[in-house]
Amino acid sequence: MSDRWRHPSYHVGFDKHVDTLSASQQAFAYLLDEWIRHPQQMVVIVAGGPGSGKTYTVTSCLNRVSIPQLRMAPTARVAQRIGGSTIHSALRLKWSKGSVLFQLEKELEHETNPDVCIEKSAVLLSEFNCYDAPDIVVIDEIGISSFWFVHWIIQYFFGKERPMLFIVMGDPNQLRPVKASDNVFGIPLHFKIQRIDLHESKRFTADYMPIIEQLRKYVDRNDETGCLTFICNHFPIVEEITSDILKKCTRALAYLNSTVETYNNFYLKRLVKGEKIRLKREPFDNITYVDVKPGCFIFVTQNSSTVKNGTPLKFLRHVPDNNGDYIECKYVDNDSAVKVYRNRKGDFPIVVEIRKVIFPL
């Protein structure tokens with residue numbers, strides 16, 4: 001083990017976990033290490049588009065350190081994903097009609113002067129009441145929260161007058177918050193910031209960007225008619241999704257992961273012919289596995305010596321080998337063969353799915 005990772009705060013195996021991260025993801029681990037060895041009030045922005053691994057990078061590292069943490073998110077769904085709670089419940093913050101936050105969102109929704117927003121929203125400091133005493137605070141999906149809201153949350157925790165690491169994660173290209181002029185990517189925070197930009201996965205291809213940019217313009221202008229007209233002119237409209245439509249689908253632009261997961265399950269069970277092959281973790285157990293079929297599309301989820309994270313492949317077969325079994329696949333673009341081996345956990349680092357984009361519009 002490197003001396004860097006010998007601090008008592010790290011769990012056993014932290015160094016091996018860091019080795020599995022990409023170069024841009026490792027930047028967070030090094031910054032976390034810097035803070036652990038030299039505690040101070042620090043704000044870190046982990047930025048990246050869909051599929052860049054923001055949430056995984058932060059939570060997988062923090063899961064392997066023994067430091068009091070508070071994890072929050074604007075919505076319950078995202079909070080559950082990171083093992084935390086909503087911002088409003090964690091800070092005992094009322095959000096009902098007539099509350100201070102409700103009135104502020106209504107008053108500042110169209111205010112474009114950042115200083116005015118900060119000044120008028122200062123009353124929030126007296127509204128926060130967190131029972132926890134964390135040394136690390138995390139907020140995911142920061143892009144959908146107003147910059148002044150985030151400013152006063154940070155100010156509240158930094159007012160505890162002890163070294164604290166405040167981490168926010170989000171997509172800098174996400175649409176502005178519904179009830180605010182901008183987020184922390186559009187209006188700089190009044191704190192010293194360390195920013196880490198993660199590179200996006202190959203799963204999210206450039207051909208979607210013109211569509212997303214055009215939709216963003218309509219939403220920014222609150223042009224509902226223009227947005228719906230654009231969608232109707234560029235995409236087929238159907239009353240219901242049938243199996244015939246799904247058979248023709250090779251890529252999906254979706255808002256929720258669950259939407260694509262539902263299709264992926266249908267894809268493997270109904271649309272791909274052949275016997276199912278269950279790739280279990282080694283040493284074998286019945287809990288961790290991936291089901292595949294010959295000819296199904298997969299994505300690599302971890303860098304290796306043979307293939308990069310995010311690479312789309314077509315699964316061919318599982319090959320037992322005395323030196324370690326592997327799966328034989330071929331590249332989607334050029335049809336050449338490639339071998340994918342198990343990772344250190346004993347898993348094949350793949351997921352079964354068609355090409356997709358999860359983009360929060």
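Colleague: Where does Thr311 lie?
Modeller: Thr311 lies in the loop between β10 (297–300) and β11 (312–319). Strands are DSSP E runs of at least two residues, helices are H or I runs of at least four, and both are numbered from the N terminus. This is a predicted model: local features need pLDDT of at least 70, side-chain atom pairs count only at pLDDT 80 or more, and totals for chains, interfaces and linings use all residues. Residues are numbered from 1 along each chain as its sequence is written, and side-chain values use heavy atoms, leaving out hydrogens and water.

Colleague: Is Thr311 buried or exposed?
Modeller: Buried means under 20% relative accessible area, exposed over 50%, partly exposed in between (1.4 Å probe, protein chains only). Thr311 is buried, at 7%. A polar atom of its side chain lies 2.7 Å from the backbone oxygen of Lys308.

Colleague: In what order do the six strands form the open sheet?
Modeller: Strands of a sheet pair through backbone hydrogen bonds, either parallel or antiparallel. Two strands pair if DSSP finds at least two bridges between them. Here the order is β3-β2-β4-β5-β1-β6, with parallel pairing. The edge strands, β3 (85–86) and β6 (193–197), each pair on one side only. Four bridges join β2 to β4.

Colleague: How many residues has the largest nonpolar core?
Modeller: Nonpolar side chains tend to be buried together in soluble globular proteins. A nonpolar core is a set of buried Ala, Val, Leu, Ile, Met, Phe, Trp, Tyr and Cys residues joined through side-chain atoms within 4.5 Å. The largest has 39 residues. Met72 and Trp148 are among those with the most contacts inside it. Helix α8 gives the largest share, ten residues.

How values were computed. A polar contact is a pair of N or O atoms within 3.5 Å; within protein, one must be able to donate a hydrogen and the other to accept it, and residues adjacent in sequence count only if both atoms are side-chain atoms.
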